[in-house]
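Please keep the sequence and the 3D view open while reading.

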Amino acid sequence: MSTPFPFGHSAAAQWSDALQQALDSCDWRQFPSTLGFLYVNEAYEAALPEILTALQQSTGVQDWVGSVGIGVAATNHEYLDVPALALLFTDIAKSEYRIFAGMDAFGSGELQLDDGRQAALAIVHGDAHSQDLPEQVRHLAARCSTGFLMGGVTSSRKQGAQIAGRVLHGGLSGVAFSDGVAIRTRLSQGVTPIGPVHRIQEAERNIVATLDRRPALEVLYEEVGEVLARDIRRAAGFIFAALPLPGSDRGDYLVRNLVGVDEQHGLVAIGEYVEPGGELMFCKRDGDSAVADLQRMLLDLRRLAAERVIRGAIYVSCLGRGENLFGANSAELRQISAVLGDVPLVGFFANGEIYHDRIYGYTGVLTLFLE
């Protein structure tokens, strides 16, 4: 029977103390580790090269991937805005994965493993400062045989570093896997629609003029109330625009902020470019529906895992989730354990979640490694 992946996590003022405590808390010494995941809070970002070197030297494991976040996640624990780190060891065969950094790492063709096989999918981390990051995500996903990426965008009030065998900045980095690695992944939304799907008739860049042949602002007034719609600052964090994904059979949609309204001309500006002919609906951020959708996702993953052992997990959740949406005492992480058990889990709270070939917002992406 396959053993669970060793993992550890700790919060401490000094990164050296946190690293030692995390390592001491897990039985990694008797485990044939090959690839590890490391997530650190932004308080440790300046010392990340030292942390990685210390981790490589103390464990002998050279292959690490991960990111920096304002929040760090581990089984049943959310470390939000405190100095902390979380790490997980795997024993995935070196022939079945490849660490990469940047789009130039594999040229213009398919994403390949070292032996030339096309990678099936990848866990990735992106730099929030890269303006073409959505395009990079789409292009990289297309180079995997399943078309799937999972991961998140670094969240940091500093530079926002990534880890891919070394510390780096810019673009995308991560680890690609062969189809021989048993991985299952799902996404959970953090908002719920409050009206029907509307057809965009007139729009330019991120400004929507008409929906269903009516002024866009009139539609927004109708669904959320005129007083709230007029005050975008009040509505921020509560009311959003959602863009349904064409061809999705799961009702997936991209959630984007409301940026502003023009009462004189009936316009609504959102945080995404749109085009005439597309679809848009308005939605609200709601704790109860977020809990319900996370439960739906977890039950779906439990069904997919069937009787197989879950050896480890990577969880990327939006900064707007966590205690802000699910409540205190690491409620979001504890809900995962309530359904799947106390599986070894690490991850971070991101500035955008990567799933399939897009960057989402206000979502949670859970990836499981099965026996």
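## Strand β18

Strand β18 (residues 239-244) is mostly covered, with six of its six residues buried. Buried means under 20% relative accessible area, exposed over 50%, and partly exposed in between (1.4 Å probe, protein chains only). Helices (H or I, at least four residues) and strands (E, at least two) are DSSP runs, numbered from the N terminus. The model is predicted: local features need pLDDT of at least 70, side-chain atom pairs count only at pLDDT 80 or more, and totals for chains, interfaces and linings use all residues. Residues are numbered from 1 along each chain as its sequence is written, and side-chain values use heavy atoms, with hydrogens and water left out.

In a regular strand the side chains alternate between the two faces of the sheet. Both faces of β18 are covered. Ile239, Ala241 and Leu243 are buried on one side. Phe240, Ala242 and Pro244 are buried on the other.

## Partners of β18

β18 pairs with strand β21 (residues 279-285) in the antiparallel sense, over four bridges. Two strands pair if DSSP finds at least two bridges between them. Five bridges join β18 to strand β19 (residues 253-262), and these two also run antiparallel. Alanine 242 has a bridge partner in each neighbour: methionine 281 in β21 and valine 255 in β19. Leucine 243 stands opposite leucine 254 in β19.

β19 carries on to β20 through four antiparallel bridges. Glycine 260 has alanine 269 of β20 as its bridge partner. β19 and β20 form a hairpin with four residues between them. In the turn, glycine 266 has a positive phi of about 75°.

Proline 244 lies in β18. Its relative accessibility is 19%, so it counts as buried. Beyond its neighbours within four places in sequence, proline 244 is in contact (heavy atoms within 4.5 Å) with Val197, Asp252, Tyr253, Glu279, Leu280 and Met281. The C-alpha atoms of proline 244 and valine 68 are separated by 30 Å, at 176 residues apart along the chain.

Valine 274 is found in the loop between β20 (267-270) and β21. At 10% relative accessibility, valine 274 is buried too. Neighbours within four places aside, its contacts are Ile200, Ala203, Arg205, Val208 and Leu243. Valine 274 and serine 337 are 63 residues apart in sequence and 38 Å apart in space, C-alpha to C-alpha.

## The largest pocket

About 1000 Å³ of space lies in the largest pocket. Of its 41 lining residues, the closest to the centre are Leu254, Arg256, Gly271, Glu272 and Ile359. The elements that give two or more residues to the lining are α3 (133-142), β18, β19 and β25 (358-360). By class, the lining has 19 nonpolar, eleven polar and eleven charged residues.

The terms are as follows. On a 1 Å grid over the protein atoms alone, a pocket is an open set of points with protein on both sides within 12 Å along at least five of seven lines, where a cavity is a set of points where a 1.4 Å probe fits but cannot get out; lining residues have an atom within 4 Å of a point. Grid points are joined across faces, edges and corners, and a volume is the space filled by probe spheres set on the points. Ala, Val, Leu, Ile, Met, Phe, Trp, Tyr, Cys and Pro count as nonpolar, Asp, Glu, Lys and Arg as charged, and the others, Gly among them, as polar.

Helix α9 (residues 331-340) is mostly covered: seven of its ten residues are buried. These are Glu332, Leu333, Gln335, Ile336, Ser337, Val339 and Leu340. Just after α9, glycine 341 takes a positive phi of about 90°.

Arginine 321 is in the loop between β22 (310-318) and α8 (323-326). Its relative accessibility is 1%, so it counts as buried. Leaving aside neighbours within four places in sequence, its contacts include Glu332 of the chain, along with Arg285, Tyr315 and Phe326.

## The six-stranded sheet

An open sheet of six strands has the order β1-β6-β2-β3-β10-β11, with mixed pairing. Its edge strands are β1 and β11 (167-168), each pairing on one side only. Seven bridges join β2 (residues 35-41) to β3 (residues 63-69), which run parallel. Tyrosine 39 has serine 67 of β3 as its bridge partner.
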